[in-house]
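Below is a briefing on one protein model.

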Amino acid sequence: MPIQSPIYLVASGDSRLAANQTCWDAQNKLEQALGKALESLGHTIKRAHEYDEIKKHGFIDSQRMGMKVFANLPSDDVPLIVAEAVWQYSHHVLAGLTTHKGPILTLANWCGQWPGLVGMLNLNGSLTKAGVKYSTLWSVDFTDEFFVNKLKEWLETGNIQHDVSHVRALKQFKAIPDDLEKIGQKIAQDILKNKAIMGVFDEGCMGMYNAIIPDELLHKLGIFKERLSQSALFYEMQVTNDEEARAVYNWIKEKGMKFDLKDQPNDATDLTEEQILWQCKMYIAAVRLANDFGCDLIGIQYQQGLKDLVPASDLAEGLLNNVDRPPVKDRSNKRILFENAAVLHFNEVDECAGVDALITNRVWNQLGYPPETTLHDVRYGEDYDGVFTWVFEISGAVPPEHLIDGYKGAFSLRQPPMYFHKGGGTIRGVSKPGEVVWSRIYTEDNRLKADLGRARVVKLPSEETERRWRDTTPQWPIMHAQLLGVSRDQLMAKHKANHVQVAYAPDAQGAQKALAAKAACFQALGIEVFICGTESGLD
């Protein structure tokens with residue numbers, strides 16, 4: 001059915017005032033360009049909530065505000081666009097969207113400046129989990145042929161169909177090679193028999209509904225949550241002594257990692273040694289608490305609660321995910337905890353990434369591959385030499401093993417003050433070239449599903465890397481990823497999350513083996529598997 005004007009627009013934002021104020025100009029420009037595009041097609045747009053002269057932005061910045069905005073719509077069947085140029089908290093608008101009956105379009109600008117694409121992908125994943133029907137669209141300037149044609153499609157039918165021909169269900173392939181299938185099945189059987197504990201330091205980071213796996217679905221995998229409190233982590237940091245923190249800091253420096261420290265730093269804007277030492281205490285505290293509760297993996301929320309108390313968790317998180325990391329002893333100073341192993345950590349308590357990391361770690365260890373794995377934001381991307389090359393970035397937490405020159409290639413910068421007012425250092429670096437397997441677990445139709453594919457990480461010229469950093473967030477680690485057989489628009493159409501999980505294989509053949517064994521493990525655990533792109537090695 002053709003859509004009738006006016007089309008109502010809502011814009012979910014951050015809960016942090018500084019972020020909303022800083023990013024408002026980009027959002028305003030998006031809305032102006034979108035308005036012109038709709039006007040050229042004979043439609044008008046109306047904001048469902050006004051610019052706030054006191055707050056100096058026009059975002060929905062809380063769940064309560066979002067509920068009021070939706071309650072004040074003229075009806076629950078009006079056409080609706082959720083437009084995002086920024087990182088946003090999906091729970092601000094999720095309540096209203098779950099009961100909205102009219103056509104919904106999620107939309108973002110193709111720009112790396114602020115994580116608008118990341119915000120839209122998170123909302124898409126959340127709507128998918130909630131069972132809400134929606135269409136989605138993106139554009140650099142809202143004048144390109146792809147955008148205009150797809151917008152017309154939505155205006156004429158209330159729906160958009162994207163090309164997802166790159167996706168095939170695993171069951172459509174021939175059998176996985178026996179040796180790799182046995183590896184995957186054996187790991188699945190071990191998890192189901194012996195179980196695994198996922199330590200969760202407060203669920204629901206930044207409104208990411210899509211990142212919470214319902215217990216009844218998680219239990220079917222043999223994984224059970226240990227619900228921990230960030231206050232326990234904060235307390236453990238207080239009782240960790242300065243000498244232990246200093247030892248961790250010295251160990252990192254001896255490995256060759258550099259820190260951006262000024263002679264007379266301003267704590268509000270610069271990285272300080274005190275911030276780093278608190279991050280080292282968090283690292284020690286996290287290892288000890290993981291040991292206390294017998295956790296196989298842990299996730300720290302940080303962005304609510306801890307952000308007002310201590311520096312960012314990202315430095316600790318990157319160290320935890322590295323096999324070669326500073327040793328942490330138990331409180332009696334007698335035994336090294338998790339020796340010669342990563343302490344698996346899932347950033348922003350993204351439980352889907354956590355399950356993925358656990359299985360990846362076990363599959364890679366069984367294959368004899370370095371098991372370091374991390375998530376990244378699907379942040380941005382452009383063509384380079386005729387090949388679309390993604391910018392994968394995450395907020396400072398990657399295992400140094402993933403970087404060119406490892407620790408020596410890592411440079412710690414202060415986190416952006418608008419997101420992290422307590423500061424803290426990142427693990428900044430460029431991901432090394434090589435073959436990776438990428439994946440994402442998500443919830444749809446009240447079932448766990450997983451997309452898997454292959455990618456090639458490439459080394460770009462330093463000036464191109466620096467440009468991409470300037471266009472996104474230069475404090476954060478970057479990966480230049482070329483997905484095999486998956487275009488930009490295909491990934492955006494199919495991907496159900498802001499995050500993507502990556503792990504390196506020794507070569508292309510090794511990546512095919514790892515993908516097959518991992519797919520077999522997922523399948524044996526009851527996760528519905530989809531293979532994306534080409535060169536998977538499966539027939």
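Lys-281 sits in helix H10 (residues 273–292). Helices (H or I, at least four residues) and strands (E, at least two) are DSSP runs, numbered from the N terminus. This is a predicted model: local features need pLDDT of at least 70, side-chain atom pairs count only at pLDDT 80 or more, and totals for chains, interfaces and linings use all residues. Residues are numbered from 1 along each chain as its sequence is written, and side-chain values use heavy atoms, with hydrogens and water left out.

**Lys-281**

- Lys-281 counts as buried because its relative accessibility is 8%. Buried means under 20% relative accessible area, exposed over 50%, and partly exposed in between (1.4 Å probe, protein chains only).
- Setting aside residues up to four places away in sequence, Lys-281 touches Met-237, Thr-240, Asn-241, Asp-242 and Ala-245. Contact means heavy atoms within 4.5 Å.

**The sheet and its helices**

- Five strands form an open sheet in the order E2-E1-E3-E4-E5, with parallel pairing. Two strands pair if DSSP finds at least two bridges between them.
- Strand E2 (45–47) and strand E5 (135–139) are at the edges, each with a single partner strand, so one side of each has no neighbour in the sheet.
- On average, neighbouring strands of this sheet are turned by 30° against each other, direction ignored.
- Strand E4 (residues 104–109) runs parallel to E5, and five bridges join them. Asn-109 has Ser-139 in E5 as its bridge partner.
- Helix H1 (residues 17–40) lies across strand E1 (7–10), E2, strand E3 (80–84) and E4. H1 runs at about 140° to E3.
- Helix H4 (residues 116–130) also packs on the sheet, where it touches E3, E4 and E5. The direction of H4 makes about 155° with that of E4.

**H6 against H15**

- Two packed helices are described by the angle between their axes and the distance between the axes. Axes are lines fitted to C-alpha atoms, for helices over the stretch in contact, and angles run from 0 to 180 degrees between N-to-C directions.
- Helix H6 (residues 178–194) packs on helix H15 (residues 508–524) at an angle of about 40°, with the axes 7 Å apart.
- That makes H6 oblique to H15. Angles under 35 degrees count as roughly parallel, over 145 as roughly antiparallel, 65 to 115 as roughly perpendicular and the rest as oblique.
- H6 passes H15 in a right-handed crossing. A crossing is right-handed if the near helix is turned clockwise from the far one by less than a right angle, and left-handed if anticlockwise.
- Residues of H6 in the contact include Leu-180, Ile-187 and Leu-192, and those of H15 include Ala-516, Ala-520 and Ala-524.
- The H6 contact with H15 has 10 nonpolar, three polar and two charged residues. Ala, Val, Leu, Ile, Met, Phe, Trp, Tyr, Cys and Pro count as nonpolar, Asp, Glu, Lys and Arg as charged, and the others, Gly among them, as polar.

**H12 against H15**

- Helix H12 (residues 351–367) packs on H15 at about 130°, with the axes 10 Å apart. That makes H12 oblique to H15.
- H12 and H15 cross in a right-handed manner.
- Among the residues in this contact are Ile-359, Val-363 and Trp-364 of H12, and Lys-518 and Phe-522 of H15.

**Pro-433**

- Pro-433 lies in the loop between strand E13 (411–412) and strand E14 (434–444).
- Pro-433 counts as partly exposed, because its relative accessibility is 45%.
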